[in-house]
Amino acid sequence: MRSGLCSIVGRTNVGKSTLLNALVGAKVAIATPVPQTTRHALRGVLHRDDAQVVFVDTPGLHKPRTLLGSRLNDLARDQLGGVDVVVFVVDGAAGVGQGDRFIARLLGRGPPVLAVCNKIDRLGRARQLPQLERLAGLGDWDEIVPVSAATGDGVDLLAGLIVDRLPEGAAYYPAGQVSDQPRELLVAEVIREKAITRARQEVPHSIAVVVDEIAPGERDDVLVVSATIYVERDSQKGIVVGAGGASLRDVGAEARPELECALGSRVWLDLRVKLAKEWQGDPKKLQRLGY
Ligand SMILES: Nc1nc2c(ncn2[C@@H]2O[C@H](COP(=O)(O)OP(=O)(O)OP(=O)(O)O)[C@@H](O)[C@H]2O)c(=O)[nH]1
Ligand SMILES: [Mg+2]
């Protein structure tokens, strides 16, 4: 049996988390159209008869404008070494560009790199080739693999190429475990996904979610999940709550079915919105919010 670690890196919004979920075959990481969605180096595990691959999702590398941003970049950079394989993802639909070139320069001295051109479902064959050529020009890649994390096209092929590069070894995680996330973080991430998908402009970046408690309800078959959605500015509170609490109710309604599935129980969701002024630049607040 082969086993090992594979980190997934690239610019923000290129589809790293969607690809992680496709490779693992389960929703481990949240993914949204909003850049800088991922804020943790979380693990997702692919179990095969012949191999176990431990994937590490990473925040998208970007030009940081806040303390949070530079911490996320550091977190992503830390995952470039100490793994068996690196998957470097670019967005073929948006086009391979300067940001990708910058990241490509950080790669190449460490573990073998598989360069992945994602979102090929949005490219015809004719438009795919130039992007693959540009990607080839960025570095000395072990392989270049066109995929669509959204449709699953090319994902099995990619998994095979990753497994080929892993050493012989025992499994890291027991059968059936697809993630290393504690229950509280998983719940907070699902709520954050729903909250940031609904928000606009700068608001998504200002949102952080902390689960205060997961406790048995009065009835045996219900779990009470209490969570706080933090925003950075007073004006954002109203936006997240919505008129008469409508937006917050919608976030709850969207999150609940997913949480019930993940927790294997009916869920009573108790959401509140609080202000953590300018938390993205405040070391103490970042720590309190789990970053
Ligand atoms: N059409 C298409 N869209 C995709 C594909 N993969 C991801 N997306 C979309 O691209 C957006 C970003 O996806 P994510 O997986 O969150 O991207 P990410 O690289 O993890 O982003 P950060 O965590 O912010 O760095 C989402 O709207 C996805 O649905 C794909 O193969 N095809
Ligand atoms: Mg992500």
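This is a predicted model: local features need pLDDT of at least 70, side-chain atom pairs count only at pLDDT 80 or more; totals for chains, interfaces and linings use all residues.
**Entry 1: domains**

I began with the division of the protein chain, which is split into domain 1 (2–164) and domain 2 (183–288). I looked up how far apart the two lie, and their C-alpha centres are separated by 28 Å. For the contacts between them, I found 14 residues of domain 1 touching 19 residues of domain 2.

**Entry 2: nonpolar cores**

Which residues have the most contacts inside the largest nonpolar core? I noted Leu19, Phe55, Leu158 and Ile162, in a core that has 29 residues. Two or more residues come from each of β1 (2–10), α1 (16–24), β3 (51–57), β4 (85–91), β5 (113–118) and α5 (155–164). Of these elements, α5 gives the most to this core, with 6 residues.

I then followed Ile162 on its own and, leaving aside its neighbours within four places in sequence, I recorded contacts with Cys6, Val53, Phe55, Val85, Val87 and Leu114. Another core lies apart from the largest one; this other core has 27 residues, including Val187, Ala199, Ala227 and Leu263.

**Entry 3: helix α1**

I next asked how α1 is placed, and found it mostly covered, with 7 of its 9 residues buried. The buried residues of α1 are Lys16, Ser17, Leu19, Leu20, Asn21, Leu23 and Val24, and I note again that Leu19 is one of the residues with the most contacts inside the largest core. What covers the buried residues of α1 includes β1, β2 (43–47), β3, β4, β5 and α5. After the helix comes Gly25, for which I read a positive phi, near 80°.

**Entry 4: largest pocket**

The largest pocket holds about 350 Å³ of space. I listed 24 residues lining this pocket, and those closest to its centre are Asn13, Gly15, Thr18, Thr32 and Lys119.

**Entry 5: second largest pocket**

For the second largest pocket I wrote down about 280 Å³ of space. It is lined by 14 residues, of which Lys27, Val28, Gln181, Leu186 and Ala262 are the closest to its centre. Both α6 (183–198) and α9 (246–263) supply at least two residues of this lining, and by class I found 8 nonpolar, 3 polar and 3 charged residues in it. Where does this pocket lie relative to the domains? The second largest pocket lies between domain 1 and domain 2, because both give residues to its lining.

**Entry 6: cavity**

I searched for cavities of 30 Å³ or more and the structure holds 1; the volume of the largest cavity is about 30 Å³. Its lining consists of Val34, Pro35, Gln36, Thr37, Arg39, Arg192, Ile196, Pro204 and His205, and the elements that give two or more residues to it are α6 and α7 (203–206). I sorted this lining into 4 nonpolar, 3 polar and 2 charged residues. Domain 1 and domain 2 both contribute to the lining of the largest cavity, and therefore I place this cavity between them.

Technical notes
Residues are numbered from 1 along each chain as its sequence is written. Chains are lettered from A and ligands numbered from 1 in the order in which they are written. Side-chain values use heavy atoms; hydrogens and water are left out. A nonpolar core is a set of buried Ala, Val, Leu, Ile, Met, Phe, Trp, Tyr and Cys residues joined through side-chain atoms within 4.5 Å. Buried means under 20% relative accessible area, exposed over 50%, partly exposed in between (1.4 Å probe, protein chains only). Helices (H or I, at least four residues) and strands (E, at least two) are DSSP runs, numbered from the N terminus. Contact means heavy atoms within 4.5 Å. On a 1 Å grid over the protein atoms alone, a cavity is a set of points where a 1.4 Å probe fits but cannot get out, and a pocket is an open set with protein on both sides within 12 Å along at least five of seven lines; lining residues have an atom within 4 Å of a point. Grid points are joined across faces, edges and corners, and a volume is the space filled by probe spheres set on the points. Ala, Val, Leu, Ile, Met, Phe, Trp, Tyr, Cys and Pro count as nonpolar, Asp, Glu, Lys and Arg as charged, and the others, Gly among them, as polar. Domain bounds come from an automatic or database domain assignment.
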